[in-house]
Amino acid sequence: MAAIQCIGVLTSGGDAPGMNAAIRAVTRSAIYHGLNVKGIYRGYKGLISGEIKEFQTQSVSNIIQQGGTILRTARCQEFMTEEGRKIAYENMVKEGIDALVVLGGDGTFTGAKIFANEFNIPVVGVPCTIDNDIASTDYTLGFDTAINTVLEMVDRLRDTSQSHDRCSVVEVMGRRAGYIALNAGIACGATSILIPEVEYDFQRDVIDRMKRTQMTGKKHFIIVVAEGIGGVDEMAKRIEAETGVETRATVLGHVQRGGHPTVRDRVTASLMGYKAVELLK
């Protein structure tokens with residue numbers, strides 16, 4: 001295979017804090033090594049529709065602190081078809097792109113693997129998902145920012161729960177993984193944490209535990225539930241009925257994906273972006 005002259009970079013799937021820092025690192029590392037860089041907007045969808053722009057050093061100025069992704073992101077059903085991937089490859093050839101750096105999660109990497117094998121394209125994936133659920137890596141970009149956001153939100157809910165002697169049942173994101181719930185739950189001192197990876201008995205692990213804690217004089221409670229379990233409204237009703245504690249359910253939702261990336265996410269993104277270029281070289 002001929003030496004790589006131009007790298008394309010895209011973000012796909014759910015956005016995650018740290019994506020912009022990784023885009024910046026890929027762009028500046030590649031340019032430092034004398035390579036051209038092209039930003040592909042809206043993920044695989046943009047690769048098919050030809051939303052591609054040449055990047056210079058200044059194209060990624062003042063983005064390391066920003067959440068989300070300047071390249072935008074989208075899910076693309078067409079890329080799941082052979083016809084769609086063929087159009088994407090033809091656009092790569094037309095734009096002179098020799099290799100790809102893809103930033104995303106499990107679905108993004110699945111598509112990248114198929115695409116790389118079909119057309120013999122060098123592709124490096126940078127794991128970016130707040131869920132921290134990618135195999136073969138200890139860490140995915142966005143996770144630290146997300147759990148700190150959850151911690152801040154739960155701390156605020158605790159103020160209200162304490163003022164009203166309430167229980168707050170809080171659903172956090174994570175898809176089918178419980179990393180956000182587990183880490184944020186420990187950090188906020190939750191009474192119970194429910195995650196998909198561990199079997200639980202609601203009576204024993206939530207109701208009975210709350211009742212025991214009530215005997216110590218505690219009157220407010222935080223229960224953290226991973227979204228892979230769900231059903232927080234029903235949980236809240238059952239808790240109130242069986243413990244007598246006024247209970248509210250809160251789904252934090254997409255607020256967990258936004259915000260300025262933490263130091264860990266900025267530094268790790270920079271290291272991963274640099275490493276992606278090194279691997280392609």
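Modeller: Ala, Val, Leu, Ile, Met, Phe, Trp, Tyr, Cys and Pro count as nonpolar, Asp, Glu, Lys and Arg as charged, and the others, Gly among them, as polar. On that scheme, the lining of the largest pocket comprises nine nonpolar, 12 polar and nine charged residues. Please bear in mind that this is a predicted model.

Colleague: Which residues lie nearest the centre of the largest pocket, and how are they classed?

Modeller: Of the 30 lining residues, Gly13, Gly14, Arg75, Gly107 and Thr108 lie nearest the centre. Arg counts as charged, whereas Gly is placed among the polar residues. The volume of this pocket is about 630 Å³. Helix H4, residues 106-119, gives the most to its lining, with six residues.

Colleague: What makes a residue part of the lining of a pocket?

Modeller: A lining residue has an atom within 4 Å of a point of the pocket. In the second largest pocket, with a volume of about 210 Å³, 13 residues form the lining, and Val124, Gly125, Val126, Pro127 and Thr137 are the closest to its centre. Strand E5 (123-127) and helix H9 (263-280) are the elements that give two or more residues to this lining. Its residues divide into nine nonpolar, three polar and one charged.

Colleague: Let us turn to the sheets. How do you know that E7 and E8 are paired?

Modeller: Pairing requires at least two bridges between two strands.

Colleague: Why are E7 and E9 described as standing at the edges?

Modeller: The open sheet has four strands in the order E7-E8-E6-E9, with parallel pairing. Strand E7 (192-194) and strand E9 (247-251) each have a single partner strand, so one side of each has no neighbour in the sheet. From one strand to the next, the twist averages 15°.

Colleague: What lies across this sheet, and at what angle to E9?

Modeller: Helix H8 (residues 232-243) lies across strand E6 (167-172), E7, E8 and E9, and runs at about 165° to E9.

Colleague: Which strands stand at the edges of the five-stranded sheet?

Modeller: That open sheet has the order E3-E2-E1-E4-E5 and mixed pairing. Strand E3 (52-55) and E5 are its edge strands, each pairing on one side only. The twist here averages 25° from one strand to the next.

Colleague: How do you know that E1 and E4 pair?

Modeller: Strand E1 (residues 6-11) and strand E4 (residues 99-104) run parallel and are joined by five bridges. At least two are required, so E1 and E4 qualify as a pair. Ile7 has Ala99 in E4 as its bridge partner. Helix H1 (residues 19-32) lies across E1, strand E2 (36-40), E3, E4 and E5, at about 165° to E4.

Colleague: What share of the chain is called buried, and by what test?

Modeller: A residue is buried when its relative accessible area is under 20%. Of the 281 residues in the chain, 51% are buried.

Terms used: Residues numbered from 1 in each chain as written. Predicted model: local features only at pLDDT ≥ 70, side-chain atom pairs only at ≥ 80, totals over all residues. Heavy atoms only, no water. Axes fitted to C-alpha atoms, helices over the stretch in contact; angles between N-to-C directions. Contact = heavy atoms within 4.5 Å. 1 Å grid on protein atoms, 1.4 Å probe; cavity = no way out; pocket = protein on both sides within 12 Å on 5 of 7 lines; lining within 4 Å. Points joined across faces, edges and corners; volume = space filled by probe spheres on them. Buried < 20%, exposed > 50% of the residue type's maximum accessible area, 1.4 Å probe, protein only.
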